[in-house]
Amino acid sequence: MIKLGLLGVGKMGQNHLKNIISLPCYELSFIYDYNEELCAKLAREYGTKASLDLDKGLASVDAIIIVTPTFTHDEYIKKVSKATKNIFVEKPLCDSFEKCQEIMLLEQNLGLNIAVGFIERFNPALKELQNELKKLGSNTHELRFTRTSLASLRISDVDVITDLMIHDIDLALYLNGDAQVLFANGVIQNNTINLATATLKHENGIISHIHASRITHKNERKISISADEAHFECDLLAKELNVFKNAKNEPLKAKEANALKDELVAFSALCAGQKSNKLADAKSATKAMKIATDIAKMIKEQQ
């Protein structure tokens, strides 16, 4: 059983809290948040301890989960790395490419196990898509990623690229390897990019088109793939996959799964020394942030 500390109990932190409590592989030692009143309330509700002294709390754990605002990630990682090598941090790894590089080097130098919360890697519809691609041995040519959410405007510390698009940048790299940005354009409102479109070319020759918006009145998370043997449409929200072959549609429903719980189980395995490429590490998160930075730069230069 892994003794765990949870830093940050906002909306996403509470999602982690609910799942951690339900997993027998973890013993939650403490929760910590700058909002002491909320932290104390949740500690009572979930039967755990609210820590007011982070240093003291860190002395009693095997692993830490960081679900704090993005701009605080690098400082918290540096702090907790003095107490444990097992660190899970919600995406993105940091709020800049330079900070990500610094943390990646810290991971290498200290032998840390850093996992980054790119939860879509654990989406059951994505697993179904990967299975079908493998089954057909498809020669893929083009991928299209679409992610829109008006509600995401509540997030003010990062732009749409670091908030939403980063998920699909990671998936594009996860599915097809390293890439460079060929083109990017977007909409800037109040000095923040709230809509972005980018085209990447992977080293294997495949093209990825990625669109993200938080000014669109529709929630959508989809992947479309054009290949020689079939066309695939993957709905990450509905957990559905449609395979089109010879103008006929074969709908597939992914098995019910809790992606966050599966991600946390994978982190527990990492803490036990079992590594998996399904769980994003600091290196892959840094590559995704480099692409995100290049996209943002290209959009700003066009304004």
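These legends describe close-up views of a predicted model.

**View 1**
The largest nonpolar core holds 67 residues. Those with the most contacts inside it are L93, I114, I161, I169 and I295. Take I169 as an example. Leaving aside residues up to four places away in sequence, I169 touches I161, I210, A288, I291, A292 and I295. Another core lies apart from the largest one. This other core has 27 residues, including I20, L42, F122 and L279. In soluble globular proteins, nonpolar side chains tend to be buried together.

**View 1. An open sheet of six strands.**
The strands run in the order β2-β1-β3-β4-β5-β14. Their pairing is mixed. Which strands form the edges? They are β2 (26-32) and β14 (280-281), and each pairs on one side only. Strand β14 pairs with β5 in the antiparallel sense, over two bridges. Look for V116 here: its bridge partner in β14 is A280.

**View 2. Helix α2 and its two faces.**
Helix α2 spans residues 36-46, and C39, L42 and A43 are buried in it. Seen down the axis of α2, the buried residues fall within an arc of 105°, so they line one face of the helix. L42 is also among the residues of the 27-residue core. The cover over the buried residues of α2 includes α1 (11-22) and β2. What does the face turned away from the buried side of α2 carry? It carries the exposed residues E37, R44 and E45. Just after α2 comes G47, with a positive phi of about 65°.

**View 3. Helix α4 under its neighbours.**
Helix α4 covers residues 73-80. Its buried residues are H73, D74, I77 and V80. Seen down the axis of α4, these residues fall within an arc of 140°, so they line one face of the helix.

**View 4. S81, a buried serine in a loop.**
S81 sits in the loop between α4 and β4. Is S81 buried or exposed? Its relative accessibility is 13%, so S81 counts as buried. Residues up to four places away in sequence aside, S81 touches I87, L106, L110 and L112.

**View 5. N176, a buried asparagine in a helix.**
N176 belongs to helix α7, which runs over residues 160-176. At 14% relative accessibility, N176 counts as buried, because the cut-off is under 20%. What does N176 touch? Not counting residues up to four places away in sequence, the contacts are L143, H202, N204 and I206.

The rings of F88 and F267 have their centres 5.6 Å apart and their planes at 65°, so the pair is edge-to-face. The pair links distant parts of the chain. F88 lies in strand β4, while F267 lies in helix α8 (residues 259-271). The two are 179 residues apart. Both F88 and F267 are buried. Another ring, that of F97, has a charge over it. The charged end of K290 sits there, 6.0 Å from the ring centre.

Notes:
Residues are numbered from 1 along each chain as its sequence is written. This is a predicted model: local features need pLDDT of at least 70, side-chain atom pairs count only at pLDDT 80 or more; totals for chains, interfaces and linings use all residues. Side-chain values use heavy atoms; hydrogens and water are left out. A nonpolar core is a set of buried Ala, Val, Leu, Ile, Met, Phe, Trp, Tyr and Cys residues joined through side-chain atoms within 4.5 Å. Buried means under 20% relative accessible area, exposed over 50%, partly exposed in between (1.4 Å probe, protein chains only). Contact means heavy atoms within 4.5 Å. Helices (H or I, at least four residues) and strands (E, at least two) are DSSP runs, numbered from the N terminus. The arc is that of the directions from the helix axis to the C-beta atoms. Two strands pair if DSSP finds at least two bridges between them. Rings of Phe, Tyr and Trp (its six-membered ring) pair if their centres lie within 6.5 Å; planes under 30 degrees apart count as stacked, over 60 as edge-to-face and the rest as tilted. A charge sits over a ring if NZ of Lys or CZ of Arg is within 6 Å of the ring centre and within 35 degrees of the ring normal.
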